[in-house]
Amino acid sequence: MDGAKAVSRSARPTAVQTTGSGAGADAQESPAIETVSLRLATAQDAPTLLAIYAPYVRETGITFEYEVPTEEEFARRITTTLERYPYLVAVDRDGAALGYAYASAFKGRAAYDWSVETSIYVDRASRGRHVGTRLLDALEALLALQGITNAEACIAYPDEGGSVGFHERRGYRMVGCFEKCAYKLGRWWDMVWMEHHIAPHTPDGTAPASIVPFPELLEGAGGAAEQTPLTTRIRAQLNEILGRPSLR
């Protein structure tokens, strides 16, 4: 339930309120949009990103993880994620990390391949700077290029970080609630699911195209010897999503 965030009892999933990032992302964003750049994460980012994540483990129900992972374990998670999905880091103009976002498998069985769970964590000092918005929008755009259709957000409830409202503003809708399914910090937590269809679904009877693993998407768009209109278009889309002239 990484990156999940948490809805007051009056906001039960019967009526969606108006995750944001597990880190409460941009629940209180200011009107002015501050420049935020995005790049792909690497294993070397583990210490910096772990410093953003650790307070959410120790002090909140935003993640249901009990113990802060080691830097080695966190680096392994980054590397493993990038074998199939995007893992993005938001940085300021000085290169300091403000937050991160990634996708993971929704379920392990093949029929779920077109659905992912999204996770976003924003440094608590950077909330209100549209970091979560930029991360989620870019993550979903990259996932859509891979062929993903459904983005799922798992959010702890009650919502400590304003994630439900954040996700709703990004087009998510409430689809379910598990009551008192997790225990952390001396209390029981509900877990709600929100969903966003980020790409069209094929009609019943028409199989969707296989998901393109993220490294293959990058390789096909990153300057291979043989450039086709498709790879050229994907490369342009990737560069536009990340807001930079080159991925390399």
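**Labels and their criteria**

Guide: About one helical turn separates Glu73 from Arg76, because the two are three residues apart in helix 2. Helices (H or I, at least four residues) and strands (E, at least two) are DSSP runs, numbered from the N terminus. The model is a predicted one, in which local features need pLDDT of at least 70 and side-chain atom pairs count only at pLDDT 80 or more, while totals for chains, interfaces and linings use all residues. Residues are numbered from 1 along each chain as its sequence is written, and side-chain values use heavy atoms, with hydrogens and water left out.

Visitor: What makes the contact between the side chains of Glu73 and Arg76 a salt bridge?

Guide: The N to O distance is 2.8 Å. The criterion is a side-chain nitrogen of Lys or Arg within 4 Å of a carboxyl oxygen of Asp or Glu, so the pair of Glu73 and Arg76 qualifies.

Visitor: Are Glu73 and Arg76 buried, partly exposed or exposed?

Guide: Buried means under 20% relative accessible area and exposed over 50%, with partly exposed in between (1.4 Å probe, protein chains only). Glu73 has 23% and Arg76 has 45%, so both are partly exposed.

Visitor: Which other salt bridges can be set against that criterion?

Guide: The whole structure holds seven salt bridges. One of them joins the side chains of Arg124 and Glu59 at 2.8 Å, N to O. This pair links distant parts of the chain, since Arg124 is in the loop between strand 4 (115-122) and helix 3 (131-146) and Glu59 in helix 1 (residues 46-59), 65 residues apart. Arg124, at 39% relative accessibility, and Glu59, at 44%, are both partly exposed. Another salt bridge is formed by Arg170 and Asp137, at 2.6 Å, N to O. Arg170 lies in the loop between helix 4 and strand 6 and Asp137 in helix 3, so parts 33 residues apart in sequence are tied together. Salt bridges with shared partners also join Glu65, Glu73, Arg76 and Arg77 into one network.

Visitor: How do you know on which side of helix 2 its buried residues lie?

Guide: Phe74, Ala75, Ile78, Thr81 and Leu82 are buried in helix 2. They are placed on the same side of helix 2 because they cover an arc of only 130° around the axis, taken from the directions from the helix axis to the C-beta atoms.

Visitor: What makes the length of helix 2 close to the expected value?

Guide: Helix 2 (residues 71-82) has twelve residues, and its first and last C-alpha atoms are 17 Å apart.

Visitor: Why is the link between Arg39 and Asp45 called a polar contact?

Guide: Their side chains come to 2.8 Å. A polar contact is a pair of N or O atoms within 3.5 Å; within protein, one must be able to donate a hydrogen and the other to accept it, and residues adjacent in sequence count only if both atoms are side-chain atoms. The pair of Arg39 and Asp45 therefore counts as one. Arg39 belongs to strand 1 (residues 37-40) and is partly exposed at 26%.

Visitor: What makes the bond between Tyr157 and Pro158 cis?

Guide: Its omega is about 5°. Most peptide bonds are trans. Pro158 sits in the loop between strand 5 (150-157) and helix 4 (163-169).

How values were computed:
Expected span 1.5 Å × (residues − 1).
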